[in-house]
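Trainee: I have not looked at this one before. Can you walk me through it?

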Amino acid sequence: MLRSLQRSNAQFRKASTVLPMGVSSNFRYWGDDMTLYAHHGRGARLWDIDGNEYIDYRLGYGPNILGYADPRVDTAARQGIEVGGVFGLSTEREYEVARRISDMVPAAEMVRFSNSGTEAVMAALRLAKAFTGKDSHVIVEGGYHGVFDAVLWYRNIEDWQPGMGDPAIEADSAGVPQMLRKLTHFTPLNDANYLEDLFRKHGNDIGAFLIEPIMGNCCSISATREYIHDARALCEKHDIIMIVDEVKTGFRVARGGVQELLGFKADLCTFAKAMGNGYPISAVAGRRDIMMQVSHGVTHGGTYTCHSVSLAAAEKTLEILDQTPVLANIRQYGDEMNAGMSRILKARNIPHCFAGHGSMSGLFFSNSVPTNYRDWLNSDYTFYDTMAPRLHDYGVLCEPDSREPWFVCGAHDGACLQQTLKAFERAVDETLQELGGSRVEQAVG
Ligand code: PMP
């Protein structure tokens, strides 16, 4: 390793004495000697406590759409401090922000705020189940929707092979009651026949179909336009609420999110991440008749909902995303970066492709883009896994797990692009060298 992580390593040992695994979220633990501690971030760059500088493509798992410490948003947030925090009362600004969301996202007839993506998805599921009177829900294989029991289930693709039937359904965390398993069904992405069969068999129990059409936790594998429209029609036919989880795609892939990109309307949708440029705020939004369930017995709320700092930050962030061309610029940067990476990989005969959207794209070492999580098994993720730590050494911070896309923000500029491609070329060459003959065969074969 070229970087020194001496201080991060020492911090890990110290932190582990009081914080389990030395961190405050399991996903931040990258190994005893690889866990990074951030010092600060500015624009598209992040510095760790050893002073290593990175161009950041993780952006805290997506929120920092304008970059770290954006002065426009931070000025608004400081003014939000002056408001006073939380009051156990609503404020005038909530209407302004909800109005903006409703104008940007046609499906968002009504809006309620929360603090995190998890809370927003929890609320959406509860609303859907109250509205339909049906207790179970469908998750798309490879989808991630937060850290609560109803969605902490997955189809075990790693231990599965085609021809074995469906992969096993397992809890994604110890402590999730097994009795909840019967409430969760799974479907592979982009297979409308499978979904139709599932709805035919279990439609009487299914209240919600939960989908993230660009799977931001599964390398940005994406729904086709045809599939999403088929799924939309199937939900209507079977009286199932279509919840589109836009926690990552919302206010990122387009002003109106993935719904605008694919030309459809959700019944309910959830937003977080980009809407506050990193300040903790989220929203559940959707059809008036479903959202109005909150006045018919559905519980929704929380002490910290609409904290004055987060709300002020969201107001400014959404104004910028709505009224400037920043989202188009972000996409263009991503497309140019992918084209540059492609040139480097092509020159070395390495099969590859990109999934998703320029603003959050997944890099695959395979000839064709996977259409669902089961296909992901066919890509050479060992190549990615070997390359990622080298990129970190050369100052490019991508997620070490190949299932996480590369996020772009409004502060990535020409200098970032040049530096990224230079580091990428070097990391690719070293990865080829390290994996040696047989791996190279696989990588290029
Ligand atoms: N849904 C999606 C699509 C997400 O990507 C995430 C977080 N990565 C969540 C929900 C949960 O959000 P949070 O971590 O803010 O609770």
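Predicted model: local features only at pLDDT ≥ 70, side-chain atom pairs only at ≥ 80, totals over all residues.

Trainee: Fine. Which residues surround the ligand?

Mentor: The residues around the ligand are Ser116, Gly117, Thr118, Tyr144, His145, Gly146, Glu212, Asn217, Asp245, Val247, Lys248 and Lys273. By class, that shell has 2 nonpolar, 6 polar and 4 charged residues.

Trainee: What lies 2.5 Å from an oxygen atom of the ligand?

Mentor: That is a polar side-chain atom of Thr118. With Gly117 the backbone is involved: one of its polar backbone atoms is 2.8 Å from an oxygen atom of the ligand. For Lys273, an N or O atom in the side chain is 2.9 Å from a nitrogen atom of the ligand.

Trainee: And how much of the ligand's area does the protein bury?

Mentor: The ligand exposes 390 Å² when taken alone, and the protein buries 83% of that.

Trainee: Now the strands. In what order do the 3 strands of the open sheet come?

Mentor: The order is 15-16-18, and the pairing is antiparallel.

Trainee: Why is one side of strand 15 left without a neighbour in the sheet?

Mentor: Strand 15 (353-357) stands at an edge with a single partner strand, so one side of it has no neighbour in the sheet; strand 18 (406-407) is placed likewise. Strand 15 is joined to strand 16 (residues 360-364) by 5 bridges. His357 stands opposite Met360 in strand 16.

Trainee: What do strand 1 and strand 2 form?

Mentor: Strand 1 and strand 2 form a hairpin with 2 residues between them. In the turn, Gly43 has a positive phi of about 60°.

Trainee: How many bridges join strand 1 to strand 2?

Mentor: There are 4 bridges between strand 1 (residues 38-42) and strand 2 (residues 45-48), and the two run antiparallel. Ala38 has Asp48 in strand 2 as its bridge partner.

How values were computed: Residues numbered from 1 in each chain as written. Heavy atoms only, no water. Near = heavy atom within 4 Å. Polar contact = N/O pair within 3.5 Å; in protein donor to acceptor, adjacent residues only side chain to side chain. Areas by Shrake-Rupley, 256 points an atom, 1.4 Å probe, with all protein chains shown as cover. Nonpolar A, V, L, I, M, F, W, Y, C, P; charged D, E, K, R; others polar. Pairing = 2+ DSSP bridges.
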